[in-house]
Amino acid sequence: MDVTMFCNLACIHCPYETVTKLKGKGRQNLDVALHTKLIDEIATTGKGHCQFLRYTGDGEPLLHPNLAEMIAYAHQKTGLPINVTTNGMLLTEERTRALLEAGVGVFDVSIDAHSQEVYGKVRVKGILEVTYEATHRLIRLIKEYGGNAKVMVSFVRQPLNLHEAAPFEAYWKAAGADFVVLRNLHSCGGNVPAKAKELWALAPVPRKPCLYPWERMVLKADGELTYCPADWKHIANIGNLADTTLADIWQGPALQALRNAHLSGDFSKHSFCGGCPDWSVIKWPGEGRSYATVMHEFDAQKGQNEKTAALEAGIA
């Protein structure tokens, strides 16, 4: 769920400044009623199919005024693992406690630097000290709560920060982060032209299908549904949740035609996917670690922890 079109930073690898911010007063937050509709469907029709929920955005999700309440509803109705992806700048103690109580299972803090000098250039308007302090506090509060919540810190490799990747990883492993993810920069669906050109030059031939049409659905803040998390310009919309259902879109002819295009390699009627090179760095199950596999690892670990606790309680 891309819950907001607003952001407090201007990261150089993100299309927010050049795409979403330009919408000005047309920007919005996800309507709570639409969120409720989505969660109710996932809890019924989608039960056993949907694997996890991720709250992110074409901006900073903590700017949504009802985020904690929406997550609490989702947790209560579905029981699914819930992820919140944030830049961490707004992760105050009060917000952290509210999100923990709401049922967030994984906090994904995007940082991308290990010094203020680099952070200020990559995550423009950001203050590294604030983000680091918030992340340390998050790790501490999770221990205090005694739950199964995990902390993931991420680092997108790019020319300005490559020399900080190793010290960043070592620092956060020592600090108690559960996952330290070093990601390769992609083109955000072709919206970063220089990176898109680079990826096309390195892309294998023949082209393989992209995972996304089979793996995920994205609800945008304006209610539009898309199959691609990199669809910043809302080109790949295939319906609006206000007048359809997730099941109708997932099983419908438009998405099936797109899957067939990926299987055949014929993108003549699918220009968005045809012009995107990011498929070349997106991993299918069995090809390596992906976002989904990290979430599955968390869920499996959580299940084992709960089983262990139940056994210990029985022994006691």
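Visitor: What is the relative accessible area of Glu93, and is the residue buried, partly exposed or exposed?
Guide: This is a predicted model, in which local features need pLDDT of at least 70, side-chain atom pairs count only at pLDDT 80 or more, and totals for chains, interfaces and linings use all residues. Residues are numbered from 1 along each chain as its sequence is written, and side-chain values use heavy atoms, with hydrogens and water left out. Buried means under 20% relative accessible area, exposed over 50%, and partly exposed in between (1.4 Å probe, protein chains only). Glu93 has a relative accessible area of 33%, so the class is partly exposed.

Visitor: Which residue meets Glu93 in a salt bridge?
Guide: A salt bridge puts a side-chain nitrogen of Lys or Arg within 4 Å of a carboxyl oxygen of Asp or Glu. Here the N to O distance is 2.9 Å. Both partners lie in α4 (93–102), four residues apart, about one turn of the helix; helices are DSSP runs of H or I, at least four residues, and strands are runs of E, at least two, numbered from the N terminus. The partner of Glu93 is Arg97.

Visitor: In the salt bridge of Lys195 with Glu198, how far apart are the closest N and O atoms?
Guide: Both residues lie in α8, three residues apart, about one turn of the helix. Lys195 counts as buried at 13% relative accessibility, whereas Glu198 is partly exposed at 40%. Their closest N and O atoms are apart by 3.0 Å.

Visitor: Why are Glu169 and Lys173 separated by about one helical turn?
Guide: They form a salt bridge, with the closest N and O atoms 3.2 Å apart. Glu169 is partly exposed at 25%, and Lys173 is exposed at 53%. The separation is about one helical turn because the two are four residues apart in helix α7.

Visitor: At roughly what angle do the axes of α6 and α7 cross?
Guide: Axes are lines fitted to C-alpha atoms, for helices over the stretch in contact, and angles run from 0 to 180 degrees between N-to-C directions. The axes of α6 and α7 (165–175) come within 11 Å. They cross at roughly 35°.

Visitor: Which residues of α7 make the contact with α6?
Guide: Contact means heavy atoms within 4.5 Å. On the α6 side stand Tyr132, Thr135, His136 and Ile139. The α7 side supplies Phe168, Tyr171, Trp172 and Ala175.

Visitor: Which residue of β10 is the bridge partner of Thr226?
Guide: The open sheet of three strands has the order β8-β9-β10, with antiparallel pairing; strands pair if DSSP finds at least two bridges between them. Two bridges join β9 (224–226) to β10. β8 (218–219) and β10 (237–240) are the edge strands. Thr226 is bridged to Asn237.

Visitor: What is the phi of His234?
Guide: His234 sits in the loop between β9 and β10. At 14% relative accessibility, His234 counts as buried. The residue is not a glycine, yet its phi is positive, about 60°.

Visitor: What is the phi of Lys125?
Guide: Lys125 lies in the loop between β5 (123–124) and α6 (128–145). Lys125 is exposed, at 52%. Its phi is also positive in a residue other than glycine, near 85°.

Visitor: Which residue does a cis peptide bond join to Val205?
Guide: The bond has an omega of about 0°. The residue sits in the loop between α8 (193–202) and α9 (212–215). Val205 is joined to Pro206.
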